[in-house]
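Good morning, and thank you for the time.

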Amino acid sequence: MTTQAAALDPENTIAFMGVEGANADLACRQAAPYMQTLGVPSFEDVFEAVASGKASLGMIPIENSQAGRVAEIHQLLPKTSLHIVGEYFQAIEHCLLAPKGATLADVKDVYSHPQGLLQCREHIREMKLAAHTYSNTAAAAADVAKWNDKTKAAIASPLAGELYGLQVLREHMQDSDDNVTVFIIIARQPVDPNPDSGRVLTTLLYNVRNLPAALYKSLGGFATNNVNILKLESYIPGGSARDAAQFFLTFEGHPGQQNVKNALEELSFYCKKVTILGVYPADPARFS
């Protein structure tokens with residue numbers, strides 16, 4: 001359950017960005033049903049809550065199957081000393097929520113987080129609704145309930161509708177049934193899962209040296225050592241084209257395994273810096 005910060009046991013608390021009823025809150029409840037959840041205003045606050053000990057874990061979305069990556073996270077991960085200790089695949093169900101008594105014909109404006117609006121953009125266009133961005137899906141639902149205006153609706157989770165006393169005007173607002181958000185779980189201390197007990201992922205950041213074909217060559221060791229790369233993304237950490245690109249890499253395997261050791265050794269030949277962000281169990285949903 002979500003509780004006021006003063007009542008929380010930090011060692012039994014998982015932090016998320018948003019308010020009660022957000023999709024991240026729902027993901028926390030499902031991934032860690034034995035823990036209390038703590039909503040905070042921003043992704044930076046999630047990292048701070050874990051780093052300062054207000055929460056033992058934090059849950060952060062990194063990508064959605066329809067709307068793509070959550071760009072803010074890639075700016076925060078290089079700056080943190082926290083560790084990725086798990087991942088969770090959350091199937092996203094968006095609903096169109098409105099005050100009691102409203103009908104689809106009444107609604108003119110819809111409010112949600114930019115990711116929620118992106119994931120429902122075809123249905124929003126089809127319904128000829130004016131879309132307005134909000135800090136969080138559940139915050140949008142809370143304000144729609146407060147306004148009690150039949151022309152205004154929110155796109156949020158069924159949990160948000162239940163918590164804020166709104167009615168569901170339309171289920172499955174998402175444009176695709178294959179709508180999944182991948183969350184990472186962060187903690188102050190790393191974990192060291194046994195690859196013999198289940199599939200293990202490693203996530204790292206690296207900068208390549210200023211050499212011809214350095215990126216291509218840096219990845220060669222993964223191919224020759226049969227290490228499965230699951231994600232490779234580039235981004236400019238400072239936000240300026242003058243800054244050197246960093247690469248965010250996730251692969252299947254544990255750094256203690258010989259083939260992974262060989263791949264990382266070859267990677268290091270072509271890199272200025274390699275930072276392992278986490279070695280952690282894969283969510284079984286990734287490979288189902």
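Predicted model: local features only at pLDDT ≥ 70, side-chain atom pairs only at ≥ 80, totals over all residues.

**Cavities and salt bridges**

Let me begin with the second largest cavity, whose lining is made up of Leu 77, Thr 80, Leu 82, His 83, Ile 84, Ile 186 and Leu 277. By class, 5 of these lining residues are nonpolar and 2 are polar, with no charged residues. The volume of this cavity is about 30 Å³.

The mean pLDDT of the chain is 90, and 94% of the residues score at least 70. Residues 1–5 have a pLDDT below 50, and this stretch makes 11 contacts in the model beyond near neighbours in sequence.

To return to the cavities: the structure contains 2 of 30 Å³ or more. Which residues lie nearest the centre of the largest cavity? They are Asn 23, Ala 24, Pro 61, His 113 and Gln 115, out of 19 lining residues. Two or more lining residues come from each of H1, strand E3 (57–64), helix H4 (114–119) and strand E11 (180–187). The lining of this largest cavity comprises 8 nonpolar, 10 polar and 1 charged residues.

Helix H1 also brings us to the charged pairs. In total, the structure has 11 salt bridges. One of them joins the side chains of Asp 25 and Arg 29, with an N to O distance of 3.1 Å. Why are these two separated by about one helical turn? Because they are 4 residues apart in helix H1, which spans residues 23–31. Asp 25 is buried, at 0% relative accessible area, whereas Arg 29 is partly exposed, at 26%.

A second pair lies in helix H5, residues 121–126. There, Arg 125 and Glu 122 form a salt bridge through their side chains, at 3.0 Å from N to O. These residues are 3 apart in the helix and so are separated by about one helical turn. Arg 125 is exposed, with a relative accessible area of 54%, and Glu 122 is partly exposed, with 43%. Elsewhere, salt bridges with shared partners link Glu 20, Asp 25 and Arg 29 into one network.

Finally, Glu 48 and Lys 54 form a salt bridge in which the closest N and O atoms are 3.4 Å apart. Is Glu 48 buried or partly exposed? Glu 48 is partly exposed, at 36% relative accessible area, and Lys 54 is likewise partly exposed, at 48%.

Notes. Residues numbered from 1 in each chain as written. Heavy atoms only, no water. pLDDT = per-residue confidence, 0-100. Contact = heavy atoms within 4.5 Å. Salt bridge = Lys/Arg side-chain N within 4 Å of Asp/Glu carboxyl O. Buried < 20%, exposed > 50% of the residue type's maximum accessible area, 1.4 Å probe, protein only. 1 Å grid on protein atoms, 1.4 Å probe; cavity = no way out; pocket = protein on both sides within 12 Å on 5 of 7 lines; lining within 4 Å. Points joined across faces, edges and corners; volume = space filled by probe spheres on them. Nonpolar A, V, L, I, M, F, W, Y, C, P; charged D, E, K, R; others polar.
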